[in-house]
Amino acid sequence: MTFVSLVKSSDPSKAVSDAVQLAGGLKVSGDVLIKPNLGCARPSGSGLVTNVDVICALVKMVAGQGARPLVGDLSVLGWDARKVLDAKSIKRIEEAGGELVDWSANHIEIEPPGSRVLKKVSIARPALEVDAIINVPVLKHHFLMHLSGSIENLFGLVEPSFRSRVHVLGLDEPLVDLYEFLRPRIVMNVMDATYIAQSVRPAGPYYGPTEAKSVYKADMVMACKDAVALDAVAANVIRIDPMDVEVVRIAHNRGLGDINPMTVGNARKASLKIKSSLIGKVLPYLDDVLTSQRFNPIAHPFAKRLYGKDVVSLKEARREMDSIDPSRIGVMGECMRCGHCVDACPTSNIRLNGKPTFGRDCIKCFICVEVCPNGVLAILRK
């Protein structure tokens, strides 16, 4: 049975602690990436970014277990990442024991095995190198996806210049591909619903939200180890059928999560009617036009003029997804059997059988080549 906790408290730290415990508890070690939603330069309480109180509570929880809490996100295209967290918030996170990670210039292109649409993606390197990820989205009514939740929050790990390709490919299916790849590394999803943004007004699909028409102070935190289940319950909270949220429907149909979990906690019956704006009703249809194979050639020039040169055509995005790098890893010297490559591989794809042997789940991140102390491993180009 999958449990989703919903806890209401005026003390965010208590809400986080109780929600995590009710969702099965948290046990971590090593390096732990706490991935909030810090997509735009808006303060805690705006409903657009994760409340810093929630972040600090998780930092203390991780540090209290002797693990190393790393905190990071990357703002959406059009926002200055340096301005997303103000000095006061940065100081509070650091005082709690957290270490801020800047991956604005630290991405790596990988090929997630088994992806349906996202055949390759440029992703933040720390997401592959840490021992665990705690996904910390903020619940808001999204102008393109109806719900911005746990699965969508992982989009912040994708290099900004690459995100326009994901949008053109349809966003929902690629996001599920990304979630399926990262899912084994995510030990907990903690959703900040202390403030819930309604009728978010966008600055365009590649520039993120600017502000909400209204914000409801809910004083609630939700948690679950299953991101699909958490998003399904979050949809119910704002009175949206979970199957109307494409990422939830697709992920459920692919067997990646439960959309009928058990809810626990003092706020398990929480419900909020969203006041949808006219632009919020129209934009999803415009997005469908941009991602349509039939209409994209017509819509693309207008989208590029409106949103900038980073917008690629659907044809270009699909061509790039199909142009897979044929490189592979070769053993070019005498292996000392130190095991660094085995420990570093994010997909546990390497075994030491006299010398390193590779399975079928290589994502071509080539981290093993980088960590090999004797240069035994090499990238072989075809």
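Which residues are buried in H8? In this predicted model, Ala227, Val228, Ala229, Leu230, Asp231, Ala232, Val233, Ala234, Ala235 and Val237 are buried in that helix, where buried means under 20% relative accessible area, exposed over 50%, and partly exposed in between (1.4 Å probe, protein chains only). That makes ten of the eleven residues of helix H8 (residues 227–237), so the helix is mostly covered. Helices (H or I, at least four residues) and strands (E, at least two) are DSSP runs, numbered from the N terminus.

A word on the ground rules. The model is predicted, with local features needing pLDDT of at least 70 and side-chain atom pairs counting only at pLDDT 80 or more, while totals for chains, interfaces and linings use all residues. Residues are numbered from 1 along each chain as its sequence is written, and side-chain values use heavy atoms, with hydrogens and water left out.

Both ends of H8 have something to show. After H8 comes Arg239, with a positive phi near 60°.

Turning to H1, the buried residues are Pro12, Ala15, Val16, Ala19 and Val20. Viewed down the helix axis, these fall within an arc of 120° and so line one face of H1; the arc is taken from the directions from the helix axis to the C-beta atoms. At the start of H1, a side-chain oxygen of Asp11 comes within 3.1 Å of the backbone nitrogen of Ser13. Just after the helix, Gly24 has a positive phi of about 115°.

Lys14 and Asp18 sit four residues apart in helix H1 (residues 12–22), so about one helical turn separates them. Lys14 is partly exposed at 43% relative accessibility, and Asp18 is partly exposed too, at 26%.

Glu370 and Arg125 pair at 3.2 Å, N to O. Here the link is between distant parts of the chain, 245 residues apart: Glu370 is in helix H14 (residues 367–371), and Arg125 is in the loop between strand S6 (121–124) and helix H4 (126–129). Arg125 is buried, at 14% relative accessibility.

Arg254 and Glu180 form another such bridge, at 2.7 Å, N to O. Arg254 lies in the loop between helix H9 (246–253) and strand S12 (262–264), and Glu180 in helix H7 (residues 172–182), 74 residues apart. Arg254 is buried at 15%, whereas Glu180 is partly exposed at 34%. Salt bridges with shared partners tie Glu173, Asp177, Glu180 and Arg254 into one network.

Finally, Thr50 sits in the loop between strand S2 (31–36) and helix H2 (52–63), and is buried at 2% relative accessibility. A polar atom of the Thr50 side chain lies 2.8 Å from the backbone nitrogen of Asn37, and the side chain also reaches the backbone oxygen of Val136 at 2.9 Å.

Conventions:
A salt bridge is a side-chain nitrogen of Lys or Arg within 4 Å of a carboxyl oxygen of Asp or Glu. A polar contact is a pair of N or O atoms within 3.5 Å; within protein, one must be able to donate a hydrogen and the other to accept it, and residues adjacent in sequence count only if both atoms are side-chain atoms.
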